[in-house]
Amino acid sequence: MLYFSRWKATAILLGTLLVCLFAVPNFLPDSVVDKWPKWAQRHVVLGLDLQGGSHILLEVDSNAVRREKVENLRDDVRRALRDAKIGYTGLTARGDTVEVRVREVADVPQALTKLRELSQPLGGILGGSGQRSVDIADQGNGVIRLTVTQAAMTERIRQSVEQSIQIIERRVNELGTVEPSIQRQGIDRILVQVPGLQDPSRLKDLLGKTAKLTFRLVDMNNSAADAAQTGRVPPDDELLYEGRGGQRTPILVEKRIMVSGEDLTDAQPGFDNRTSEPIVSFRFNTNGARRFAQTTQENVGRPFAIVLDNEVISAPVIREPILGGSGQISGNFTVESANDLAILLRAGALPAPLTIVEERTVGAGLGQDSIEKGKIAAYVGSGLVVVYILATYGMLGLFANIAVAINVAMIFGILSLLNATLTLPGIAGIVLTVGMAVDANVLIYERMREEARGGRSAINAIDAGFSRALATILDANITTLIAAVVLFFLGSGPVRGFALTLIIGIFTTVFTAFTLSRLIVAFWVRMTRPAAVPI
């Protein structure tokens, strides 16, 4: 156990040194680290509780998800019946159901066949149970009822939350902040933590907008003013408004979406060459460019409404076909609002509105206070452990303290390599790891003492101490590892931070106790050839 070949000893020392070097950027000024190569600039990111920042809990509007699901089903029914050239009337949506009346009773069987194509089997686990997305029933007298199943609604809400998490992450990263924490909580909630962001107002503005951009034609055959006064809106139109404050102009736009914001590939803020006003330039993908060109070719002379979150930004008249697949949006923007709109469009549209359920801001002073208290706790705890192990085991205690110090450096090195976020509970996990590392050495040294009392020579007692304590230490660390893994996967926020440092600490503890400590002791034995175990 005490013999190490030259290549093995070299590999252990170089590997340990390399991992520890990754911890170095955490203790140097940013001005120095910024000059290093990108791969060497990794460091531990302080969490919200250590450097302050913004904490926002969002809730996905599940009712909006339901309404959109039913509206999409109604549009699908309209398209399916029109494609099949089946006459219908009374197409309505109520709650989770869509009803339609087929004019000719003889066409009902064909209509049922076409509409059943809209009902798809649900994937995943639910797919094996035979559940489908839509239940279709013939109500008689030509009336067909389509009902979105609860399983389909639940799956759609789940997808909306997952999609929202990805979009929120892209939006927050566009702000230039480092390492935001974005996690799902429960069924329809999302927790957003942005360390270092003390003013959450701009973040809330970005997260609160769905940024659903659509391009729709303006209805020129009906009066928007009359629709606004009487409340009677044509069934294929929608009454929206252009402008802000008191200068809001009603506009009737068609519900049919000619081009969707989902086809955007890029959006950048800029300035108009003629007026020098802030604008947002956009570019479509191939599909969007084709549809945009076709729409502008077929509707020269008609107003074309650019709608963002059910508000008309502008409704310019199509003067000529736009064939390049790009354009610009203008609408009394400021430089900041144009930049924010570009961020929203680049990140994509949220599938449903988000409501702020909880908002909390942690001040930088409170975070610094937490760091100081964490340092004091770490220093005091580690100091007491170092003094105790030295007083109890002498020279071997010194070796154990060196191994523990390297253990902590390796933890910070691995955390830096992962760009992990360190929270106050994470510091507690590191302190706990120090105790566990010392505990492993205590088991080894006590085993040495027992072997020496049993009459073994010093070298044999030291060798037996390492070999026979291995099983006990592995059992203790594996049980702790299981608990830490459960905490990591089932916990959230600071609990995961604690679990992560504990998991890393368990692996580094086993490595330092049975590889590094053993190597140090082996060097010492080879140099001094002790006649007795020095404990």
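**Figure 1. Helix α1 passes helix α15 in a left-handed crossing.** In this predicted model, the residues that make the contact are A9, I12, L13 and T16 on the α1 side and F511, T515, L516, L519 and F523 on the α15 side. Sorted by class, the contact of α1 with α15 holds seven nonpolar residues, two polar residues and no charged ones. Helix α1 covers residues 6-21 and helix α15 covers residues 494-528. Their axes come within 11 Å and cross at roughly 125°. Angles over 145 degrees would count as roughly antiparallel and 65 to 115 as roughly perpendicular, so α1 is oblique to α15.

**Figure 2. Helices α13 and α15 form a right-handed crossing.** The axes of α13 and α15 come within 8 Å, with a crossing angle of roughly 25°. Because angles under 35 degrees count as roughly parallel, α13 is roughly parallel to α15. From α13, the residues that meet α15 are P425, G426, A428, G429, I430, L432, T433, M436, A437, A440, N441 and I444. Their counterparts in α15 are P494, G497, F498, T501, L502, G505, I506, T509, A513, F514 and S517. By class, the contact of α13 with α15 contains 14 nonpolar and nine polar residues, and no charged residues.

**Figure 3. The axes of helices α14 and α15 come within 8 Å.** The two axes cross at roughly 170°. This angle makes α14 roughly antiparallel to α15, because the class takes in angles over 145 degrees. The contact of α14 with α15 comprises 27 nonpolar, four polar and two charged residues.

**Figure 4. The largest nonpolar core has 32 residues.** Within this core, the residues that touch the most other members are I444, Y445, M448 and I462. At least two residues of the core come from each of α1, α12 (364-417), α13 (424-453), α14 (458-490) and α15. Helix α15 supplies the largest share, nine residues. Leaving out residues up to four places away in sequence, I444 touches G465, F466, A469, I473, A513 and F514. Another core, of 26 residues, lies apart from the largest one and has L73, V77, L146 and V148 among its members.

**Figure 5. N407 is a residue of helix α12.** The relative accessibility of N407 is 1%, so N407 counts as buried, the cut-off being under 20%. With residues up to four places away in sequence not counted, N407 touches T433, A437, G505, T508, T509 and T512. Among these, T433 and A437 also belong to the α13 side of the contact with α15. G505 and T509 are included on the α15 side of that contact.

**Figure 6. S164 lies in helix α7, residues 150-174.** S164 has a relative accessible area of 0% and is therefore buried. Apart from its neighbours within four places in sequence, S164 is in contact with V60, I190, L350, P351 and L354. Between S164 and A352 the C-alpha to C-alpha distance is 8.0 Å, while the two residues are 188 residues apart in sequence.

**Figure 7. L390 is placed in helix α12.** L390 has 36% relative accessibility and so counts as partly exposed; that class lies between the 20% limit for buried and the 50% limit for exposed. Not counting residues up to four places away in sequence, L390 touches G397, L398 and N401. L390 and A400 are ten residues apart in sequence, and their C-alpha atoms are 8.6 Å apart.

**Figure 8. K85 and N141 are non-glycine residues with positive phi.** K85 has a phi of about 55° and sits in the loop between α4 (62-83) and β3 (88-94). The relative accessibility of K85 is 78%, so K85 counts as exposed. N141 has a phi of about 60° and belongs to the loop between β5 (134-140) and β6 (143-148). At 70% relative accessibility, N141 counts as exposed, the cut-off being over 50%.

Methods
Residues numbered from 1 in each chain as written. Predicted model: local features only at pLDDT ≥ 70, side-chain atom pairs only at ≥ 80, totals over all residues. Heavy atoms only, no water. Axes fitted to C-alpha atoms, helices over the stretch in contact; angles between N-to-C directions. Helix = DSSP H or I, 4+ residues; strand = E, 2+ residues; numbered from the N terminus. Left-handed = near helix turned anticlockwise from the far one by under 90°. Contact = heavy atoms within 4.5 Å. Nonpolar A, V, L, I, M, F, W, Y, C, P; charged D, E, K, R; others polar. Core = buried A, V, L, I, M, F, W, Y, C linked by side-chain atoms within 4.5 Å. Buried < 20%, exposed > 50% of the residue type's maximum accessible area, 1.4 Å probe, protein only.
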